[in-house]
Amino acid sequence: QVVLELLAELPVAEPLEFYPPRMLLLPHAGYYYSGKLAALGVSQLPRGRYQRVILLSPAHRVSIEGIALPAPDCEAFSTPLGRVPLDREMLERLATQKDTHCSEIAHIHEHAVEVQLPLLQHQLGEFLLAPLIVGRCQPRRLFNLLRPLMDEQTLVLISSDLSHYLSYLEAQHQDAFTLTQIMALEPNLQPEQACGSYAINGALLLALKQGWRPRLLGQYNSGDVTGEKLRVVGYAAIAFYP
């Protein structure tokens, strides 16, 4: 019901039907805080266009180096809307690369992944999922993993919030600077700018090399939702088009 309400109450932002996005950057706070922006991004996706989603997430509960894949025996992720099958062929291909490893602990309670899934299920219907938790990793290494996986039926989704626990005005200033970097496809964000900075940097390098153009769909911070201005978290939704 929450997912339906979010998608029904979207701000006006028409999808580009003939040039659907190849990549999205969406926030992952609770739906009350950033759900409208996440839904706005997902609403840009035409049903039936994508066979798989590569979901890049930061690690909130464990410290990791490189990229963590789900456990080898994991076949699907479950949500209240049903099961999302994993793209085991893609994940097994990635498991052979030097910068990846399997970690059930990294994935089992990672909310940056689970917040996105019901929205994707409702909008896309059936699709294969390749969830990658990106720890400390140079942009070039993540780019080298992702580039061979790109085709017209694959969507990349980066799950990340922006600044954390600054005052309202400080967050506005820092997030504006961060968004300027993202819109210029500059892959040099620092962890204090976004919890998913490592994933964003690798994805921005991919967008730069693929010729994808960013479009800012919307932004705000938690202070705009709750009225609490002393410690806020920043959010943005950005789509990248060919």
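**Briefing on a predicted protein chain**

At 11% relative accessibility, Leu-185 counts as buried, where buried means under 20% relative accessible area, exposed means over 50% and partly exposed lies in between (1.4 Å probe, protein chains only). Leu-185 is not a glycine, yet it has a positive phi of about 55°. The model is predicted, so local features need pLDDT of at least 70 and side-chain atom pairs count only at pLDDT 80 or more, while totals for chains, interfaces and linings use all residues. Residues are numbered from 1 along each chain as its sequence is written, and side-chain values use heavy atoms, with hydrogens and water left out.

**The chain as a whole**

- The protein chain has ten helices and eleven strands; helices (H or I, at least four residues) and strands (E, at least two) are DSSP runs, numbered from the N terminus.
- Along the principal axes, the C-alpha atoms of the protein chain fill a box of roughly 45 × 35 × 35 Å.
- Of the 242 residues in the protein chain, 55% are buried.
- Among contacts (heavy atoms within 4.5 Å) between residues at least 6 apart in sequence, 81% join residues at least 24 apart.

**Surface and charge**

- The protein chain exposes about 11200 Å², and carbon and sulfur atoms supply 52% of this area. Accessible areas come from the Shrake-Rupley method with a 1.4 Å probe; for residues, only the protein chains shown count as cover.
- The chain has 19 positive and 24 negative charges, and their mean positions are 6 Å apart. Lys and Arg count as positive and Asp and Glu as negative, whereas His and the chain ends are not counted. The place of a charge is taken as NZ of Lys, CZ of Arg, CG of Asp or CD of Glu.

- Helix H9 (residues 197–210) has 14 residues and reaches 20 Å from its first C-alpha to its last, close to the 20 Å expected. The expected span is 1.5 Å times one less than the number of residues.
- Ten of the 14 residues of H9 are buried, so this helix is largely enclosed by the rest of the structure. Among them are Ile-200, Asn-201 and Leu-204.
- Gly-211 follows H9 and has a positive phi, near 80°.
- Helix H6 (residues 116–124) is mostly covered, as eight of its nine residues are buried. Its buried residues include Gln-116, Pro-118 and Leu-124.

**Individual residues**

- His-107 is found in helix H4 (residues 104–108) and is buried, with a relative accessible area of 8%.
- Not counting residues up to four places away in sequence, His-107 touches Ala-68, Leu-69, Pro-70, Phe-77, Pro-131, Leu-132 and Ile-133.
- Tyr-19 is found in the loop between helix H1 (2–8) and strand E1 (23–26) and is exposed, with a relative accessible area of 53%.
- The C-alpha atoms of Tyr-19 and Pro-242 are separated by 6.8 Å, although these residues are 223 residues apart along the chain.
- Tyr-165 lies in strand E9 (residues 164–166) and is partly exposed, with a relative accessible area of 48%.
- Tyr-165 is not a glycine, but has a positive phi of about 65°.
- Leu-185 is found in the loop between helix H8 (168–183) and H9.
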